[in-house]
Amino acid sequence: VLSILCSVISVTVMSDNRGRFVPVRIPGDGEDSDMDISIEMINEVQNIEMVEIPLNGLNDGEEKGAKEDDGEAPKSKRSHVPWRLFIGIFCFTGMAILYIFKTTMSVNMVAMVNHTALPKYVSPYEDDDCGNGPIKETSPSDGPFSWNSMIQSLIQMSLFYGYVTSMIPASILSKRYGCVNILGGGILISSLLSFLIPYAAYRGPIYLIIVRFLQGLAEGPFVPCTYAMLPKWIPPNERSRMTAFVFSGAQIGTIIAMPLSGYLSQFHWELVFYILGVIGIIWSVLFFLFVSEDPESCQRTSEEEKDYIRSSVGGTPEENTANTPWMFILTSTACWATLIAHLGQNYGYETLMIELPTFMKQILHFNLKQNGVLSALPYLAMWLFSMVASWIADYMICSGRFSRTVTRKMFNSIGQFGPAIALVIAAHTGCSPALTVAVLTIGVGLNGAIYSGFKANHMDISPTHAGILMSLTNCFANVIGIMAPFIAGNIIDGKPTQEAWGKVFFIAAGVYAFCATVFVILGSGNRQSWDPEVVAENPDEIPIEEETEL
């Protein structure tokens, strides 16, 4: 089902990769004409002459698209689906697997823990916050482990400790050993470790924490290495769509993980980890077989597509392996704005992703099967909205009416102020399960706009160093994300009331709103002056740091 879904969505997302929003001309028609390119017309891709939209005002008026030489006869038509489409599919499915690994534990924890054995908080005024009397479980789901809220939080977050630890070193090593090796190897190692989770859980929480930490070490490189690889393959005017598509794998993974875990946990919670291990190994093997580091080293990429990517992306191999200008990065307001927006996103997202199943059990009183399905609804909405928002964002940029900076700020504001408002409302609607689920679904759905906001900003401000930038912002953002379940666990430990959960939601809403405001004030979508291609074009305008090795 996931494979079919990926294929259909990817073709839909990129079927106009030669320019639904860009003027095109078919040689032989005699005049220029704007037109939509359907999936069938991808077969004509080699005969299309394209005018490239300038990047952030650089080289205005210049046409960078590939053109046929004068007098050259039209080339024969043959079927050609852009290979960068398949690169996007592999990155999308890898992201989905990554988030299945990250999310599964939050739902499985409900089935693994013996909730009956844990001490419960009893309100001195009523049995239930909403005055409904004692809550009766319709289907007990107690597991074998008597872990309190703090131990559960440690187990949940141990993966993120490893995730943060390996992120920056892996992004630096990827420049030397290649993104493909580190991406594929990381998912392979994490998949093998998945088989050890049930054994480690029965041995004790410390063993489970160690295995989860090692999984995090293996998974840490995925996001920064993906960001380092995508700018080599994806032209600038396709990046909003491709970024949204690839990273919407996070929502697809969450959507799959929550109901799947809820369903399988009714039989035996260990099944989930064994199934995930098998899926991850299969993906890794296929990834090594079919994915190349860049178009130049890929034998499956046509020469026409290579020329198109080369002319659109720009840069030389020397620039793409340039030493990292650390001083300029650390003093760039655009980088700081992106970092702060990322901090707010991770705090709010981790609060919901990890704690939402627990909230639905403790406050909304859904059973295990309902919990898995309803916890996935907000992420389904987020995935759908991210795809719609990415199309609109690319249209706004390609139309010339909106700059990249304005577009990024606009969509990031929707993506972070939206869930902030929803969390404030949800803090007061716990007595109405249907209304609470609806509000959270809308709020998390709007959060999908961030993939056309700060999430695409790394590749805007420096395509060459996008991987390093993502590793930096993602590392610190995950450090903040680690704090989210600890803060939530400390607030609700022993007293999981609606009032306590309201505090958790208010804190997350405040972080969302503050970080979104900073991005509006300081953010930028312009390619920065220290990016190698800008430096190459203007060598006298900026001092170059001496070459150093970290």
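**Helix packing and cavities**

Analyst: A place to begin in this predicted model is the crossing of helix 4 and helix 7, which is left-handed.

User: OK, what is the angle between helix 4 and helix 7, and how far apart are their axes?

Analyst: Helix 4, covering residues 179-194, and helix 7, covering residues 222-233, pack at an angle of about 150°, and their axes are 9 Å apart. Because angles over 145 degrees count as roughly antiparallel, helix 4 is described as roughly antiparallel to helix 7.

User: And which residues make the contact?

Analyst: From helix 4 the contact is made by C179, V180, I182, L183 and I187, while helix 7 brings F222, C225, T226, A228 and M229 to it. By class, nine residues in this contact of helix 4 with helix 7 are nonpolar and one is polar, with no charged residues.

User: Let's move to helix 16 and helix 20: at what angle do they cross?

Analyst: The axes of helix 16 (residues 404-426) and helix 20 (residues 498-522) cross at roughly 165° and come within 8 Å. Helix 16 and helix 20 are therefore roughly antiparallel to each other, and their crossing is left-handed.

User: Which residues of helix 16 and helix 20 are in that contact?

Analyst: On the helix 16 side they are R408, K409, N412, S413, Q416, F417, P419, A420, L423, V424 and A426, and on the helix 20 side they are F505, F506, A508, A509, Y512, A513, C515, A516, T517, F519, V520 and I521. Sorted by class, the residues of the contact of helix 16 with helix 20 comprise 17 nonpolar, four polar and two charged.

User: Changing topic, how many cavities of 30 Å³ or more does the structure hold?

Analyst: There are four cavities of 30 Å³ or more in the structure, and the largest cavity contains about 160 Å³ of space.

User: What lines the largest cavity, and which residues lie nearest its centre?

Analyst: The lining of the largest cavity consists of 17 residues, and those nearest its centre are Y99, H342, N346, Y451 and K455. The elements giving two or more residues to this lining are helix 2 (83-112), helix 9 (249-265), helix 14 (333-362) and helix 19 (466-492).

User: Which helix gives the largest share of that lining?

Analyst: Helix 14 does, with five residues in the lining of the largest cavity.

User: And how does the lining divide by class, nonpolar, polar and charged?

Analyst: In the lining of the largest cavity, eight residues are nonpolar, six are polar and three are charged.

Note on methods. Residues numbered from 1 in each chain as written. Predicted model: local features only at pLDDT ≥ 70, side-chain atom pairs only at ≥ 80, totals over all residues. Heavy atoms only, no water. Axes fitted to C-alpha atoms, helices over the stretch in contact; angles between N-to-C directions. Helix = DSSP H or I, 4+ residues; strand = E, 2+ residues; numbered from the N terminus. Parallel < 35°, antiparallel > 145°, perpendicular 65-115°, else oblique. Left-handed = near helix turned anticlockwise from the far one by under 90°. Contact = heavy atoms within 4.5 Å. Nonpolar A, V, L, I, M, F, W, Y, C, P; charged D, E, K, R; others polar. 1 Å grid on protein atoms, 1.4 Å probe; cavity = no way out; pocket = protein on both sides within 12 Å on 5 of 7 lines; lining within 4 Å. Points joined across faces, edges and corners; volume = space filled by probe spheres on them.
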